[in-house]
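Open the model in your viewer and keep the selection panel at hand.

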Amino acid sequence: MRLSQQNLLQNKSFINNEWVSEQSGKTFEVTNPATGDVITRVANCTPKETEQAIEAATKAFEVWRKKTAKERSAIMRKWFNLVNDSRNDLALLMTTEQGKPLAEAKGEITYGASFIEWFAEEARRVYGDVIPTPLNDRRIVVIKQPIGVVAAITPWNFPISMITRKISPAIAAGCTVVLKPAAQTPLSALALAYLSKEAGFPDGVINIITSDNAAEIGKVMTEHPLVQKFSFTGSTGVGKMLMQQCASTVKKVSLELGGNAPLIVFDDANIQQAVKGALASKYRNAGQTCVCANRIYVQDQIYNQFIQEYKKAVTSLKVGEGTQPGVEIGPLIDEKAIEKINRLVHEAVGKGAEITTGGNNHMAGKLFFQPTIVENCNQEMALSKEEIFGPVSAIYKFDTEEEAIRFANDTEYGLASYFFTQNLARAWRVAEALDYGIVGINEGVVSHAEAPFGGMKESGIGREGSKYGIEEYVEIKYLCLGGM
Ligand code: SIN
């Protein structure tokens, strides 16, 4: 791969501002999902290097927490500038290891960098409180302090932004971090680490452990007594297990887990807006996001009109290798993803659904799938219960508003939801009735550094981004000043 800054391509772990190999030299392959080619091999670290990183982060915490918020903010700002300046290289690296189209990868660099910028600003606004006292001889004051060493595990679908969304609030608050990126996409994480060193973070503030054994590294991170906080983005099943492991040392946790987003198109929607929103929500990252529209509910009266326009838009999506001009849908991450989609679609067809667009593997390669529409879906199908994580739109018909809300809430997940209506009263009513942490109203892409991202029910705990995001990385300390 030709980058203009070749140093961004690193293949060792990053501990205490140094590039570190696994002790006996073990490595694992990183491949391009579009072609199957091996890009490089990276250090396959073990619990030993993870503990080394936690110790480095513990030592660094004593230095980093003592910097003023303004000092921390200034270093973060340099990192933000360096990430933006390296946008083209970082995007190429991301497309090569993850598969998303180059334009989307560039969008993700901007999105990822925005968390660094936002939390560099928020660092200076971690205010405490003075609380009116119930007794005249004392005063009540609340201060907020960094929680300590943070361990984090991030997914492959957003190789940069899920990292900056966790690291930025942590370091802004004065914490230090040990992070394990997904084994499929470690190169973007290591490039970020390279730029963090250039920005001037002290040794041990940011540490990246690469490994293809997430369970082994996760166990150290969740059970280590020197780690005070654990943050994870990934599946609900794995999140539950990690949360259980965190119980052994009563760590504070943030979990951003699975979703099963409903997208409702009411008969009073602006159809063009709904088609555009559904397309953007469903097909972003080839359908591989936790907030992708997983179930599209369309009201009887406008069903035919919506479907006709939606099909036209879906059929025109260009599939191919992400580096090719104009491509909108890249490959899926691995064969398991292709198998899952085939299983879900076939099960639905067996129960009465109908494939009306696509439905097969795409000729662009082994990991490509045709943009697909499946109609006549119902709540009994696995399609309506599991995250599809691929370019398949599952369409359901509904009759009344009450029915749409009941269907939408009929899941253990509660991350993102969307609906389209031009009726203001309905907009408020439905927004309040949906059991979801995020509600997009007449909008299919809702993620911003300024807004709180996170779910209800089994979709997780805590919020990332926004003014709330930094709260996850501080302890509240109550000072009682007596003898007045
Ligand atoms: C995710 O899929 O977990 C993140 C999506 C986003 O930040 O928009």
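Which residues are around the ligand? Select Y111, N157, F158, M162, R165, E256, R284, T289, C290, V291, S447 and F453; a residue belongs here if one of its heavy atoms lies within 4 Å of the ligand. This is a predicted model, where local features need pLDDT of at least 70, side-chain atom pairs count only at pLDDT 80 or more, and totals for chains, interfaces and linings use all residues. Residues are numbered from 1 along each chain as its sequence is written, and side-chain values use heavy atoms, with hydrogens and water left out.

Colour that shell by class. Six residues are nonpolar, three polar and three charged; Asp, Glu, Lys and Arg count as charged, Ala, Val, Leu, Ile, Met, Phe, Trp, Tyr, Cys and Pro as nonpolar, and the others as polar.

Next, pick the polar side chains facing ligand oxygen atoms. R284 has a side-chain N or O atom 2.9 Å from one. For E256 the distance is 3.1 Å, and for N157 3.3 Å. The protein buries 100% of the 260 Å² that the ligand exposes when taken alone (Shrake-Rupley method, 1.4 Å probe).

Now zoom out. Colour domain 1 (6–257 + 459–480) and domain 2 (261–448); the bounds come from an automatic or database domain assignment. Their C-alpha centres lie 31 Å apart. The contact between them (heavy atoms within 4.5 Å) takes 23 residues from domain 1 and 27 residues from domain 2.

Finish back at the ligand. Domain 1 and domain 2 both give residues to its shell, so the ligand lies between them.

Terms used. A polar contact is a pair of N or O atoms within 3.5 Å; within protein, one must be able to donate a hydrogen and the other to accept it, and residues adjacent in sequence count only if both atoms are side-chain atoms.
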